[in-house]
Structure formats: structure tokens, C-alpha cells
Amino acid sequence: MKEQSSRPLAVFDLDGTLADTAHRQRFLERVPRDWSGFFAAASEDPPLAEGVALALSSARECEVVYLTGRPERIRRATVDWLAEHGLPEGRVWMRRNDDRRPARRTKLEILRRLARDREVRVLVDDDEFVCEEAERAGFTVVRARWAAASAALKDAQEREGRT
């Protein structure tokens, strides 16, 4: 077996890919949006079976890492959630608490950084803008279309750079 550092990477988004955010999207439908409530409820997300199965199968050939638009301040809850739901151990890349750039920009920046030293075999993400940008940059993408996102969440991802 290859040593871990030489294995290709499988990069997984969290919200809408591995974690079902439907129960907390209501926090984003308010004006102003309740970001504290939205992120505080993240530990209660049910897992998305399709995403979890893909992460587990990817771990057979790849090192699984996580690339999320979640803010750094909820790292502990995020890491605990991954372990609680039996997902492979792996590095978790999170947004700085003050970073409000669109996810397509922040995630592509990190993907390029990862690709400098390692083969990025696949990115699995539910955000169409992120997927399109990654494909344009030459990455292989699996679009996570197994969970429905609210219009408020899609708008927040692009305009407010919060997830």
C-alpha cells in the first residue's frame, strides 16, 4: 500500500454533500439572515447517505479531505460531526471567520494549493458555481445533487460568502 502522503486526494464539501442542511435553512430565510443560528445547528445535520457512501468508497484509493465554506469558529462541531457519522479521518479546510468571498473563489484557491503537491482525483460538491470553476481549472468534479438547497442558501453561498 502507498504511504498516505502519496495517495491522491478526494476532496469533499460538507453542507449539501455530506450533511443535510434542510432543517437549518430556515435561519437564512429571515431578514437579516441568522448566521449564528444557522451554524449553531450544524451539529444536528443528518448525514446524506449518497455522499457518505461516496466518501467511504473513495477512501479505499484516496486520502479524503474536506473543503467547506463553514467558518473556522465551528471547527470542533464539524470534526465531531464527521467522526460521529463514521466518515474517514482527513484534514478539514475551512473558511476564515472573516472571509466573505464567494465559495467558488475560496475553494478554487485551496484546490489549486492542494494540487501543487498532490493529485486531486476528484472534488465532490453541491455548489454549481464551485463545480463549474473547478472544471474550468481542470479538476474532475462530481456534482452532489442528492440534496435540495433552498434559494436562500444558494444566494448566501454566492453573494454573502458564508458557506
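1. A helix here is a DSSP run of H or I, at least four residues long, and helices are numbered from the N terminus. Keep that in mind for point 4. Note also that this model is predicted.

2. Start with the overall count. How many salt bridges does a search of the whole structure find? The search finds 21. As background, side chains of opposite charge can pair when their charged atoms come close.

3. D15 and R70 form a salt bridge, with their closest N and O atoms 2.7 Å apart. This pair links distant parts of the chain, 55 residues apart. D15 sits in the loop between β1 (9–12) and α1 (35–40). R70 belongs to strand β2 (residues 63–71). Are these two residues buried or exposed? Both D15 and R70 are buried.

4. R76 and D80 also meet in a salt bridge, at 2.8 Å from N to O. Both lie in helix α3 (residues 75–84). They are 4 residues apart there, so about one helical turn separates them. R76 has 55% relative accessibility, so R76 counts as exposed. D80 has 38%, so D80 counts as partly exposed.

5. The side chains of D99 and R101 form a salt bridge, again given as N to O, at 2.8 Å. Why does D99 count as buried? Its relative accessibility is 4%, and buried means under 20%. R101 is at 29% relative accessibility, so R101 counts as partly exposed.

6. Salt bridges with shared partners join R95, D99, R101, E109 and R113 into one network.

Notes:
Residues are numbered from 1 along each chain as its sequence is written. This is a predicted model: local features need pLDDT of at least 70, side-chain atom pairs count only at pLDDT 80 or more; totals for chains, interfaces and linings use all residues. Side-chain values use heavy atoms; hydrogens and water are left out. A salt bridge is a side-chain nitrogen of Lys or Arg within 4 Å of a carboxyl oxygen of Asp or Glu. Helices (H or I, at least four residues) and strands (E, at least two) are DSSP runs, numbered from the N terminus. Buried means under 20% relative accessible area, exposed over 50%, partly exposed in between (1.4 Å probe, protein chains only).
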